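I opened this model to look up a surface patch and some charged pairs. My notes follow.

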Amino acid sequence: MKYVITLDTGTTNTRTILWNENREMIARRKAEVGVRDTAIDGNNEKLKKAVAECISGLLTDAGIQYEDVKDIIASGMITSNVGIVEIPHCIAPVGIDDLAKAVREVFLPEICPLPIHFIPGVKNNVKDVNFDNVELMDIMRGEEVESCAIIEKLPEGQAAMLVLPGSHMKFISVDREHKITGCLTSISGELLSCITNNTIIADAVDHRFVDEDSYQPEIMLLGYENAKNQGLGRACFSGRILNQFVTKDSAKIANYILGAALQGDVEAVLHSHAINVSRDMHVIVSGKNPLRQAMVDIFKYEKCFARVDTFITAKDIPLSAIGSYIIADRKCALTET
């Protein structure tokens, strides 16, 4: 039996998974090293060492050798200028086959004796970006691979908007041919972190985010509605007012702030031209709770899309790993033909 290793590097972490030919996870490893370390150190040696240790650790865990591995495929910020191998973005529209054809094989003997296959990111199709058209432009590295895991399950001929919450909230449009036509990014997750930890609101929320057990949709939607009517700054300060005069329950205030922080994302989706969306579109939200459920609840509250569903992976396997496996499979199939 031959195995596949998927590798995903983000800002702060690197995650690797060993798969068998039946797309079953055999082992997984994680290192708390990402491209932020490269940016800080001025070189990528720490990242290279972490990748090498993750790959060799997977083989040790599974009791196999390098000759048992048919493919190592990498995605995410590892292909950026602060990663290991910088690869230009593909230009939308792109589908799974397009990404598979764009994979670049690189030998890095300081990491492992096998070639590593790097999946490029995707950027919107905007020429000559300037101050007048900058709103149309967007980029992603990693989310295009996550999207492939969802796209594979879409019914034939169905368009969709994919929502991938996180520190950077990604909205990705997919056409009826299942090609990614563009993306839209906000930093609402980072804003939420700043509000929670580095503003006068920090005391009211006890420096804590909403977790799955403390999520309260009615309070979240109140924060969302106040931000829509009064703006983010005023809505957030109202969280302090609530804490001073209404409740000392920090979880309630955190829910309120969560809704306020997400309001701008919905505004952007409904008014941006960076992605192609329509109100009759199917929306699919993935990622972790409570962000996933909050986005579902907001879209249903606004009634701005015909259908809103969630996409949850089995065994908490990252979308990026599943998508990378799909692209690796497709790359091999295209090579054989």
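I looked up Ile 200 and found it in the loop between helix H5 (188-198) and helix H6 (217-230); helices are DSSP runs of H or I with at least four residues, numbered from the N terminus. The model is predicted, so I note that local features need pLDDT of at least 70 and side-chain atom pairs pLDDT 80 or more, while totals for chains, interfaces and linings use all residues. Numbering starts from 1 along each chain as its sequence is written, and side-chain values use heavy atoms, without hydrogens and water.

Ile 200 is partly exposed at 48% relative accessible area (buried is under 20%, exposed over 50%, partly exposed in between; 1.4 Å probe, protein chains only). With Phe 237, Ile 241, Phe 245 and Val 246, Ile 200 forms a nonpolar surface patch of about 520 Å² accessible area together. Patch residues have over 30% relative accessible area and no salt bridge, with nonpolar side chains (Val, Leu, Ile, Met, Phe, Trp, Tyr) joined within 5 Å and like charges within 9 Å. Areas come from the Shrake-Rupley method with a 1.4 Å probe.

Next I searched for salt bridges (a Lys or Arg side-chain nitrogen within 4 Å of an Asp or Glu carboxyl oxygen) and got 12 in the whole structure. One of them pairs Glu 302 with Lys 228, closest N and O atoms 2.9 Å apart. That pair links helix H9 (residues 291-302) to helix H6, 74 residues apart.

I also looked up Asp 37 and Lys 46, whose side chains meet in a salt bridge at 3.4 Å, N to O. Asp 37 is buried at 13%, and Lys 46 is partly exposed at 43%.

Note on methods:
Helix = DSSP H or I, 4+ residues; strand = E, 2+ residues; numbered from the N terminus.
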